[in-house]
Amino acid sequence: MYLSGGGDWLKVDDLLAERGLASMSDRCGIASYGANRNPGTLVIKMDHYEYRSPGDGLVVPVLKGGIAGAEAVAAGLSTQGFFFADLAIGDRAIAADRLEIRVVLADPDQVRVLHASEGVARVPGYHPVVLPEVAVEGLADPITPLAYVTAAPWLIPHGLSVPAAFAMIPATGRRVRSFEQAQIWDLVLDGWGDLQGTVTGLTNIAPGPGQGAELMRFLNRRWWDRHENGGLLDEAARQIISEVEELIEGSGRPQRTLDFLSERGCVLSLEEAYSAGSRYGIGAP
């Protein structure tokens with residue numbers, strides 16, 4: 001694989017070798033359908049979990065790919081104020097024809113960081129799985145990378161009978177409605193009992209158009225304050241997140257992907273997850 005730089009095509013493996021870093025084919029592939037598609041998120045995670053580069057600098061190759069018969073749907077709420085995504089596979093009423101993803105090619109310590117950031121080995125948290133087949137642009141054959149799937153219920157916003165997809169994650173042949181994060185918040189606030197009043201009482205954010213976006217910014221600022229200054233999440237943010245999680249738990253739809261993949265022997269043990277290597281990458285046979 002090559003990169004375009006200064007008018008020349010540069011071989012990626014040559015650039016990695018110059019830095020003393022793992023080659024493309026020696027890395028573990030991790031299919032990313034949510035926040036891990038964002039380079040800024042990866043930088044934050046590597047810093048927060050004290051990534052140790054084996055060579056010169058932080059380098060994370062990322063390739064564009066797609067999963068047939070999959071969707072990225074809203075599940076629980078992160079402490080950053082965003083609804084996080086779960087992967088829906090094996091449910092024809094929900095899955096799109098093709099979900100666009102990114103495949104992060106991680107060295108061993110980057111695998112550790114991503115596992116830690118996704119709550120592997122914690123309850124609740126994501127479960128490490130192997131995806132049966134993922135197409136990657138530029139490769140003739142599909143690969144079988146790792147991914148993360150939660151056991152948490154999928155969020156069913158007020159007025160819908162199926163989970164909400166994320167508009168910012170492209171898909172073709174989509175079968176469920178897709179929304180921006182702030183729109184999902186508005187649906188949640190409008191439809192769930194006294195939540196709107198609780199939010200106004202704790203934050204002074206008035207009900208009405210834009211309340212979801214304002215609340216999302218409020219929670220995100222609290223997360224950054226905690227991230228930069230240490231300490232605990234403040235009481236208002238903690239109470240809002242806890243109440244939303246309880247509402248999702250009580251009215252969400254049980255997810256099916258974990259069972260679907262478990263039946264096919266695709267759910268990894270912790271030992272398998274933490275020893276994952278290039279057998280899940282682009283060089284695997």
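With which residue does Asp234 form a salt bridge? In this predicted model, the partner of Asp234 is Arg222, and the closest N and O atoms of the two are 2.6 Å apart. The pair links distant parts of the chain, Asp234 lying in the loop between α6 and α7 and Arg222 in helix α6, 12 residues apart. Asp234 counts as partly exposed, at 28% relative accessibility, and Arg222 is likewise partly exposed, with a relative accessible area of 25%.

A search of the whole structure finds 13 salt bridges, among them one in which the side chains of Asp91 and Arg256 meet at 2.9 Å, N to O. Asp91 is placed in the loop between β5 (83-89) and β6 (96-106) and Arg256 in the loop between α7 (235-251) and α8 (257-263), so this pair ties together parts that are 165 residues apart in sequence. Asp91 counts as buried, at 6% relative accessibility, whereas Arg256, at 43%, counts as partly exposed. Within helix α6 (residues 211-229), Glu214 and Arg217 lie three residues apart, about one turn of the helix, and their side chains meet in a salt bridge of 2.5 Å, N to O. Lys64, Glu100, Arg102 and Glu137, in turn, are linked in a network of salt bridges.

In helix α4 (residues 181-191), Gln181, Ile184, Trp185, Val188 and Leu189 are buried; seen down the axis of α4, its buried residues fall within an arc of 130°, so they line one face of the helix. His115, located in helix α3 (residues 108-117), counts as buried at 0% relative accessibility; leaving aside neighbours within four places in sequence, His115 is in contact with Val120, Leu146, Tyr148, Ala273 and Tyr274.

Methods
Residues are numbered from 1 along each chain as its sequence is written. This is a predicted model: local features need pLDDT of at least 70, side-chain atom pairs count only at pLDDT 80 or more; totals for chains, interfaces and linings use all residues. Side-chain values use heavy atoms; hydrogens and water are left out. Buried means under 20% relative accessible area, exposed over 50%, partly exposed in between (1.4 Å probe, protein chains only). Helices (H or I, at least four residues) and strands (E, at least two) are DSSP runs, numbered from the N terminus. The arc is that of the directions from the helix axis to the C-beta atoms. Contact means heavy atoms within 4.5 Å. A salt bridge is a side-chain nitrogen of Lys or Arg within 4 Å of a carboxyl oxygen of Asp or Glu.
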